[in-house]
Amino acid sequence: MADSTDYPLTLTNCGMEISFSSVPESTVTVGQSATEILYALGLSEQVSGTSVWFNPVLPEFSEINADIERLADNDPSFESVISRRPDLVAAQYEWHVGPTGSVASREQFHELDIATYIMPADCDTKDNSTGGDGTRIAAFSPEHVYKGINELASIFDVREAGDALVADLQSREASAIESARRLELPEDLSAVFWFSSPDESADPFAAGRLGAPGYMMDALGIHNVVESDEEWPVVGWETIARADPDIIVVASMDRRRFPADDIANKLEFLHGDPVTREMSAVKNGRIIEMDAHAMSATMRTIFGLETLVEALSTLPFDQ
């Protein structure tokens, strides 16, 4: 059995020391990752508001989530967050709650005695001062997600639940990798992950080599045709077409910030554009749909790994 938390608890989180004198009673989440982790730890009663959603909540939490106020589908206002009177704001991305946070800075919350916690997967091995979605300075690993789970479990004094959740994810991760090994995939397999685009015909936000999709590809021995260390660099379709990846993985999401968030628009573009329709992945039906949230550095990355392996088991590679 895991030890109980001794308070006060002090942690260093994304470069800032934070302290807790007791279990937080009310938490607002800014990001689906923090929301689903708290649900998975059995802490839904402490969640008083959520925001920033890419996909529907995991099915096992649908009833729980329906009873919790959604402050915004995307970025909530500072006022809407503090109106819930939280004693903790748990964020998925530093750009929401950071030095130049789009919601507010950590200091703004701390001035109101509201603690902040940013998921380590977004700042460990990552420089968010470069703008946009940030730049990885080292490869993402699920260990950063597991660290966040364990730290939240410590903050809320549910360490046993944290250990159980991490063990389950680690088991699923190992099983997916072993299943891929048994597929005996081509050694030179290559891929590109397309998250979205400012519009249907614009150059895509494609996954860099060091983020969550990079981890998935490395774990399965797949080459990422995008060499950038940026989390989601803009890459020209002509460049991608020249690389001609064997697989195109496209993000499916409910978010509608850009027209290309709609997966139907992505697929229509791939099959209709004179450049992309000639790519071997398009011509040979090697397009894989994946939840957008799995492409971010979250516990759903493990689910994305499972999605990728399952799809690979059905795709032809002899054309």
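Biologist: Which residues are linked with R300 in a network of salt bridges?
Modeller: E36 and D291 are linked with R300 in that network. A salt bridge here is a side-chain nitrogen of Lys or Arg within 4 Å of a carboxyl oxygen of Asp or Glu. Keep in mind this is a predicted model, where local features need pLDDT of at least 70, side-chain atom pairs count only at pLDDT 80 or more, and totals for chains, interfaces and linings use all residues. Numbering runs from 1 along each chain as its sequence is written, and side-chain values use heavy atoms, with hydrogens and water left out.

Biologist: How far apart are the closest N and O atoms of R300 and E36?
Modeller: They're 2.6 Å apart. R300 is in helix α11 (residues 300-312) and E36 in helix α1 (residues 32-40), 264 residues apart. Helices are DSSP runs of H or I, at least four residues, numbered from the N terminus.

Biologist: Are those two buried or exposed?
Modeller: Both R300 and E36 are buried, meaning under 20% relative accessible area; exposed is over 50%, and partly exposed lies in between (1.4 Å probe, protein chains only).

Biologist: And what about E178, which residue does its side chain meet?
Modeller: R181, in a salt bridge at 2.5 Å, N to O. R181 is exposed at 55% relative accessible area, while E178 is partly exposed at 30%.

Biologist: How many salt bridges does the count come to?
Modeller: 15 by this rule.

How values were computed: Helices (H or I, at least four residues) and strands (E, at least two) are DSSP runs, numbered from the N terminus.
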